[in-house]
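I opened this notebook to record what I looked up in a structure that was new to me.

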Amino acid sequence: MAIPIIGNLLQARADQNVGLLAEFSNPGELVEAVEAVRREGYTRIDTFSPFPIHGMDHAMGLPPSKLGYIVIGGGLTGCALAFLMQWYMGAGPQIGGLWTELQSYALNISGKPLFAIEPSVPIAFELTILLSALGAVGGMLALNGLPKPYNPLFYSERFGRASDDGFFLHVAEADKQFDQTGTAAMLRANGALAVEYISHEGAYDVNEDGSLVQTAAAPEPAPRPAPAH
Amino acid sequence: MATTATHSHRPDDEHFLLEDERLVHGNLSFHDITELVSHHSEKTTPLGWYFAFAAALGGLGLLGLAIAYLVWNGTGVWGNNVPVGWGWPIVNFVFWVGIGHAGTLISAILFLFRQRWRTSINRAAEAMTLFAVACALLFPTFHVGRVWVIYWTLPLPNQMAMWPQFKSPLLWDVFAVSIYGTVSLLFWYVGLLPDLGTLRDRAVKQGRVLRAKIMQFFSLGWTGSNRHWRHYEKAYLILAGLATPLVLSVHSVVSFDFAVSIVPGWHTTIFPPYFVAGAIFSGFAMVQTLMIVARWVYGLENLITKDHLEKMNVIILVTGTIVGFAYITEFFIAWYSGVVYEQYAFLNRATGPYWWAYWIMMFCNLTLPQLFWIKSFRRKIWLMFLISITTNIGMWFERFVITVTSLHRDYLPSSWDYFSPTIWDLLLFIGSFGLFFTLFLLFLRFIPMVAISEVKNVTPQADPHFYHSHGDGHGALPPATPSVAHRTAASERDNEA
């Protein structure tokens, strides 16, 4: 049961980058284009830019990131674990027997209590930060679906500039309104400098008349998993 | 190149911002910034780098020698002896940890305060932090004597059924410094992700297969998707928020090593804030030393401008003055406490056998930075380079003064002694610089030393509104070549003004 669900999820994730990729000349044009494309009713869109563009989340209608919840979960876990560890190891139960190496080791330091909140604070603080930070980085990667070594977008030579000075808008084939010729024309009408069709088989330039010219091909039979349905 | 011609995003119009007000100088386009930073890790290694690297490796060799001799013979090879049980190893540990504070301060605290000038220096400063923390960890690791059982400091189950002593500041240090190193590494790597993507795409374009494979691995498939940037920016903000209290806590915990004891001169509540200020002071000085050289050697004057250096100097002035104020406050409190031991400890610092160390510290940390009150001095490269060096000399002596002067005269005059380091103390310290510079040179060679995507983001042309004419708020400029679009926007702004 679980396997088809995961299979579908992976399939959806692999397919989210199949569709039309349009290049725009600058961040201002890209924001305008996103607004126009959303007015047309498209929802499965994404933009690619060398830096985060101010106002793009709003233009794309993205809700705020949920990452904070993961981080606070990590932080609370770290804090609780740290107090538990310091109590258990310094003043915890004397189990004995097979568990000798896991019993507590009571150190009497000038008659001070074996466990107290105050001297436990520094380590609790540090572990709170550690687990929060791991949560922030791990959570960010998980929410973004990274690491993701295979991405059909990398077939496009033009797309290499998304990390330099290229600004791209992507409309996924999975979008309900997607229509290869019509969508490409709409993107051009909104100022796209070039439109490409990217699939698991490779990259194609989409000409003004809607015809495709292959510019890059997948190196071997496409690594596309068999459809789960 | 055709790409550059059709996609030159330049802040072309002179009137948008005055050159002086810009964070990036030289009218650079996005592509220029990419090129300027990344080509240093792509070109053939310059000869000068090999010379510098050879020197650094020589230092690293000394470190290996010093460590081998130390481990073979034990810590008796150092000058540490009763009554000065904590000599150079702890001095050098605090020295390096202190330097390691600037990177996270620049990346986290200045980020939260929206100090956008930090983008030019944060990458190198964070790298410097990591390397300084690595150097710092060397000293306590080997100071334990039996380095092969260093894992006893960690809460691992063992056959002795023994756990670490959680009430000891020394153990807090293990947690604080190692977690600081880990979080700094995470922060640095997250910041590096988009730039590794840039290097990957360039390597693919250049047809360098192995390099592309390595970059593909480390960039984790980063595409610059806005859906990713959204979580990425949140993660970066949260990491900055986490690293800010962390950086303040680390040197506070380091100061607890001293302050929690009952030794006169150490047992003071001023230590945590005073140590943190000193850490920032020395760390900024080290960043200054490295960046002055790196921007000159790598031709990054337009990215790391004199304005950046001047701002750093202001922070050096402020933190140096805080540290100097703390030195004076300690004297006042010693007098005001009425405790003769405390009073003696401080009088002995300034006038006892280590008076020379005390006054080197005072002169370097309190007096010299005061020159930076004068603007022309803040902008003189040779002067700031000199002061960045003297600051670190002064800060090393601060730790020496605190550690040694408080210990060398015990409660019993019969146990008084004068501390002298041995050649092995010296070699280990020089060797730690070898390690530091080896790592830093590798960083300069292989990793983009300026945060490319962040610098692009603070240029005026990164703002979508840059491409709109003022006032009307809607209506994009007609699709034209961007440079024409910019000029049109500029002339419209002129007409309105």
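**Entry 1: conventions.** I noted that this is a predicted model, in which local features need pLDDT of at least 70, side-chain atom pairs count only at pLDDT 80 or more, and totals for chains, interfaces and linings use all residues. Residues are numbered from 1 along each chain as its sequence is written, while chains are lettered from A and ligands numbered from 1 in the order in which they are written.

**Entry 2: confidence.** I looked up pLDDT, the predictor's confidence in each residue, from 0 to 100. For chain A the mean is 84, and 85% of its residues reach 70 or more. Among the elements of chain A, the highest mean, 94, belongs to helix H5 (residues 117-144), and the lowest, 66, to helix H1 (residues 2-15). Helices here are DSSP runs of H or I with at least four residues, strands are runs of E with at least two, and both are numbered from the N terminus.

Entry 3: I found an open sheet of six strands in chain A, in the order S2-S3-S1-S4-S5-S6, with antiparallel pairing. Two strands count as paired if DSSP finds at least two bridges between them. Strand S2 (45-48) and strand S6 (212-217) of chain A stand at the edges with a single partner strand each, so one side of each has no neighbour in the sheet.

**Entry 4**

**Entry 5: onward from S4.** S4(A) pairs with S5(A) (residues 202-206) over four bridges in the antiparallel sense. A:Ser199 has A:Gly202 as its bridge partner in S5(A).

**Entry 6: the contact between chains.** I recorded 66 residues from chain A and 67 residues from chain B in the contact, where C-beta atoms, placed from the backbone, must lie within 7 Å. H9(B) gives the largest share of chain B's side, 16 residues.

Key. Contact = placed C-beta atoms within 7 Å.
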